[in-house]
Amino acid sequence: MRVSRRGLLTAATAALSATAAGTAAATAAEAPGPPVAATPPSGGRPLRTGFERLAADGYALLGGEKVGVVTNPTGITRDAAHIVDVMHADDRVDLAAVFGPEHGFRGTAQAGGSEGFHPDPATGLPVYDTYLKSGQPLADVFTASGVDTVVFDIQDAGARFYTYIWTLYDCMEAAQLAGKRFVVLDRPNPVSGRSAEGPVMHPQFATFVGRKPISQQHGMTVAELALLFNGEFLSSPVELETVRMTGWRRDEFYDASGLPWVPPSPNMPTPETALVYPGTCLFEGTNLSEGRGTTRPFELLGAPGVDGSWAAAANELGLPGVRFREAHFAPTFSKHSGRTVGGVQVHVRDRAAFDPVRTGIGLLITARQTWSGFAWRADNWIDKLTGSTGVRTRIDAGAGLDEVVDGWKDELAGFRATRKRYLLYR
């Protein structure tokens, strides 16, 4: 007997689909049963992601439409099955295309790369490349795919310069241009949604690491950001649906979700990386290594010639919830590849007290004070990361930590007031 690829995939993933959907039956043809509650890690409320809620409702929101999904390896169920595999095996969904962002749908490309157009080996679905596409060219991709509805499900890292939120923005804009409906499936902000912190991007510094004026640590989920983008920044709103989570609170970190962690990009290996990233990613704008090419990217920082005086000076700042250890390491790629460098390792001891943006600024100031070789990247990439010239020019003028942070106080207050209107969770 000949068995098709789709038949094999259906048989292999039917149980995973049923779990994700919270159904009692293992076949797509049967009606969904009561939701299966995820066991909270510490006995609190069960969390269900946007995809889990969509599936539990029998994909009714997608009924009768050809669907394309913008996703990457993080688009998984709590059983670690990819949502594309689950939906492809379910006859209730007419899944017609996948759209891959930076690093690609299956995540094989490094920073600044993608996987290009190709058929997905597991499902046979066409995978379209969205990286570095926006506006009408991206709208043309959606049109060529033949889909009616574009679904977005990617795990964010919580920082303005993490590019997936701008993939979200670009895809919303393109969907509007192409006349497509847009659905966002929500996931937790891994570093919590307690508050917005850091400088707000100025419009003249807009790039793919910051399209619109939001703060450096935005403190929002992707569904909340989609509502913000639609209400504040898109010239014409897209037809938008958001499927929110249940059981998530703004003060929770990723481990409270009970979800497996999948690195959203090659240099975001753990939730601990995401915790420091909104601050230490600023070292991309300097001649120091930000830890790429090590097992602790963004937690290890350094350069040849840096000694223990940096860690000592950083500890003297008395930053809450964090300590700094003198460290020596040899990156295997990126800055200072193959060379032994000196620097610091960031050790977060109290994540509730830890402020990654203030910490990142403090580390920049003390690196400049203690290492004579400190320099900004020649292209002033730091201005793109911080969203203006303010941080760089204040540090160059010898400003202290409080003075640098006070420089964005008013613009941050304005963004916080706007942000508040789009929050979905308490």
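Predicted model: local features only at pLDDT ≥ 70, side-chain atom pairs only at ≥ 80, totals over all residues.
Local features need pLDDT of at least 70, side-chain atom pairs count only at pLDDT 80 or more, and totals for chains, interfaces and linings use all residues. Residues are numbered from 1 along each chain as its sequence is written, and side-chain values use heavy atoms, with hydrogens and water left out.

**The sheet**

Three elements are strands here: β10, β12 and β11, in that order, form an open antiparallel sheet. Helices (H or I, at least four residues) and strands (E, at least two) are DSSP runs, numbered from the N terminus. Two strands pair if DSSP finds at least two bridges between them. β10 (300–303) and β11 (322–329) are the edge strands; each has a single partner, so one side of each lacks a neighbour in the sheet. Neighbouring strands are turned by 25° against each other on average, direction ignored. β10 and β12 (residues 341–348) are joined by 4 bridges. Leu301 has Val344 as its bridge partner in β12. Helix α8 (residues 309–316) lies across β10, β11 and β12, at about 170° to β11. Axes are lines fitted to C-alpha atoms, for helices over the stretch in contact; angles run from 0 to 180 degrees between N-to-C directions.

**Helix α4**

Buried means under 20% relative accessible area, exposed over 50%, and partly exposed in between (1.4 Å probe, protein chains only). α4 spans residues 135–145; Gly135, Leu138, Ala139, Val141, Phe142 and Ser145 are buried. These residues lie on the same side of α4, because they cover an arc of only 150° around the axis. The arc is that of the directions from the helix axis to the C-beta atoms. Pro137 and Ala144 are exposed on the other side.

Contact means heavy atoms within 4.5 Å.

**Helices α7 and α9**

α7 (residues 271–280) packs on α9 (residues 356–370) at about 55°, with axes 6 Å apart. The two helices are therefore oblique to each other. Angles under 35 degrees count as roughly parallel, over 145 as roughly antiparallel, 65 to 115 as roughly perpendicular and the rest as oblique.

Pro278 belongs to α7. At 0% relative accessibility, Pro278 counts as buried. Beyond residues up to four places away in sequence, Pro278 touches Ala159, Phe161, Gln216, Gln217, Pro356 and Val357.
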